[in-house]
Amino acid sequence: MSYTSYGFLMLVLISLLLYYSFRGRFQNLVLLFASILFILWAGGLSSLFFIALSAAISFLAGIAMDRAQAGRKKAVYVLAMLAQGGMLAVFKYLNFPGYTMLALHELRGLEYEFTAMELAAPLGISFYALMQMGYLTDVYWGRIPHASSPVSYGVFSSLFLHIIQGPIDRYGQLAGPLSERRRFQAENLLNGLTRLLWGLFKKLVLSERLAVFVNGIYGDLEVYNGSYLVFAAICYSLQLYTDFSGCMDMVLGTGELFGIRLTENFKQPFFSRSDAEFWRRWHISLGNWFRDYLMYPLLRTEAFKRLGKFGKKLFGKKQGKKLPLCVGLFIVWFLLGLWHGGMWTFIIGSGLLHCTYMILAEIFEPAFQRFYKATGLDRENRIWRAFQMLRTFVLVSAGFVFFRSDSLTMAFQIFRGMGTPNGGLFTAEGFWELGMAPADLWVLVLGLLLLFAVSRKLEQTEEIASVGMEEGRDQASFGERLLAVPLHRAVFATALFLMVVLWGFYGQGYDAASFIYSRF
Amino acid sequence: MSREEVFQKLNEVFREEFDDEEIVVREDTTAKDIEGWDSLEHIDLIAAVEDAFSVHFSMAEVTSMKNVGEMADRIMEKM
């Protein structure tokens with residue numbers, strides 16, 4: 001069951017009615033029951049079993065850790081983490097050795113016969129496994145007390161809003177709201193609906209139209225090259241953004257209907273001026289997870305501290321301290337890429353490529369500083385800022401080419417093809433053969449302009465935090481930031497509703513189950 | 001060590017770490033206020049503060065301190 005299906009709509013409506021008819025504890029039971037139903041519907045009994053098992057392990061380990069002595073506490077923590085990590089590894093990385101052999105052969109231009117083993121992974125395992133490990137680590141570190149209510153922990157572990165595609169929420173942030181009675185507020189309804197419709201608009205009106213170009217061009221690499229491939233790469237970056245962030249708008253909007261604020265996952269990523277900044281604005285909850293639970297602990301180990309001292313001896317104080325950072329970045333980004341799946345297109349496109357960008361940025365930073373000083377360039381100059389954003393978009397889009405490709409061979413074919421002189425896209429005949437109807441093109445162009453205008457407005461009302469876990473918590477909601485007057489918000493929501501109904505891709509014959517990130 | 005002295009020393013550490021003699025840290029200074037204080041620089045900064053005050057921050061503290069004021073609180077508790 002996808003978030004764009006009628007089944008989901010009905011589930012939300014019925015749950016909402018029951019939810020606001022009950023008090024405190026029963027509200028969580030409604031959420032738990034709705035989540036169980038959703039998991040059964042979308043993932044079957046085995047998914048429910050593994051999600052429940054995962055939750056039970058963490059819940060019990062949390063209690064045990066808080067009661068145990070120091071030595072025992074660590075043992076419980078390690079065992080519980082191994083159990084969670086083990087399940088993730090078995091379900092997701094069974095084919096990793098095979099894919100690695102395949103990638104090695106591809107790089108040498110050789111054939112390799114490999115059939116991936118089929119093992120149906122539980123629904124959303126990539127997301128819920130990280131949430132469980134985050135909870136265990138927070139309790140182990142003493143950052144939060146263990147969960148005491150199995151119902152409230154069950155809701156956190158199974159919540160139908162974040163189980164498929166995140167956000168990767170933290171129990172410490174949801175425990176409070178889940179322990180209070182949530183009263184029906186017209187404000188939440190209006191804000192939630194506006195955001196939900198905004199998400200639907202991004203997904204059904206924009207993303208699905210962009211997909212027409214992307215699928216058409218990438219589906220026939222023998223025919224399309226040159227300008228077509230550059231265009232497809234641009235369209236895919238926008239498609240992925242509207243698809244994934246659209247889904248997050250729907251999830252966070254629905255959360256607001258229930259009076260629950262989930263973690264923000266996107267903050268206008270294409271306004272980023274560097275690759276590092278991009279990752280503070282794109283899939284934020286994933287980046288933060290890797291930062292807090294992997295990068296920081298890694299850099300604080302004795303081994304990395306020694307590496308830092310060694311680096312300082314070798315390269316001097318300023319550059320030398322970057323040595324542990326670069327090694328840490330490599331490990332973290334490799335695992336970030338791997339998280340998306342055992343395929344090397346992910347490991348490179350969503351991992352090592354970005355790690356390379358960031359390491360180069362670190363190494364050349366002194367040179368950039370000298371350049372700025374020598375030229376007296378104003379870095380806040382609009383043209384310079386626009387150039388930096390464009391450069392970041394190009395770098396990131398290169399990563400998404402790998403991400404979209406079925407194999408490394410296909411990715412390399414796309415990059416090579418981009419160099420072929422073919423300006424066919426710019427001829428009327430060459431453009432329209434891509435299968436986009438003129439009316440649809442108008443909707444897409446106007447829709448993208450609206451997306452840009454809304455993003456700019458949002459950009460003006462928020463700040464991008466870079467350190468700490470508190471970001472985005474006390475901010476006004478999406479709707480309030482966009483339009484201060486409730487009446488304006490209602491008009492905007494109505495207009496969105498009409499646009500989604502008139503121009504959305506849905507209904508019979510449309511495969512609504514295809515959010516890109518739901519495969520992870 | 002008084003709170004003022006803690007802040008004075010913190011100021012020195014920040015100036016050294018971010019290579020900027022104009023930095024003045026206050027209670028409510030956060031990563032947003034200082035150029036270069038990103039997640040990559042954060043651990044280096046923490047290590048420099050630990051060395052300067054001979055204290056040790058736990059992982060919970062490293063990941064949850066919200067501003068320099070909170071950092072000063074933790075330092076004073078530990079000294």
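In this predicted model, helix 3 (residues 70-92) and helix 5 (residues 125-141) of chain A have axes that come within 10 Å and cross at roughly 170°. That crossing angle makes helix 3 of chain A roughly antiparallel to helix 5 of chain A, because angles over 145 degrees count as roughly antiparallel. On the helix 3 side of chain A, the contact includes A:K73, A:Y77, A:M81, A:L88 and A:F91. Helix 5 of chain A answers with residues including A:I125, A:A129, A:M133, A:L136 and A:Y140. By class, this contact has eleven nonpolar, four polar and two charged residues.

Next, have a look at helix 22 of chain A, residues 486-503. With 18 residues at 1.5 Å a residue, helix 22 of chain A should span 26 Å, and its end C-alpha atoms are 25 Å apart, which agrees. Its residues A:R489, A:A493, A:L496, A:V500 and A:W503 are buried. They cover an arc of only 125° around the axis, so they sit on the same side of helix 22 of chain A. On the other side, A:L487, A:V491, A:L498, A:V501 and A:L502 are exposed. The buried residues of helix 22 pack against these helices of chain A:

| Partner helix | Residues |
|---|---|
| helix 8 of chain A | 186-218 |
| helix 20 of chain A | 438-460 |
| helix 21 of chain A | 478-482 |

What about the two chains together? Here, 19 residues of chain A are in contact with 17 residues of chain B. Helix 11 (residues 284-299) of chain A gives the largest share of the chain A side, five residues. That side of chain A divides into nine nonpolar, three polar and seven charged residues.

Definitions and conventions. Residues numbered from 1 in each chain as written. Chains lettered and ligands numbered in written order. Predicted model: local features only at pLDDT ≥ 70, side-chain atom pairs only at ≥ 80, totals over all residues. Helix = DSSP H or I, 4+ residues; strand = E, 2+ residues; numbered from the N terminus. Expected span 1.5 Å × (residues − 1). Buried ≥ 20, exposed ≤ 12 C-beta atoms within 10 Å, placed from the backbone. Arc of directions from axis to C-beta. Contact = placed C-beta atoms within 7 Å. Nonpolar A, V, L, I, M, F, W, Y, C, P; charged D, E, K, R; others polar. Axes fitted to C-alpha atoms, helices over the stretch in contact; angles between N-to-C directions. Parallel < 35°, antiparallel > 145°, perpendicular 65-115°, else oblique.
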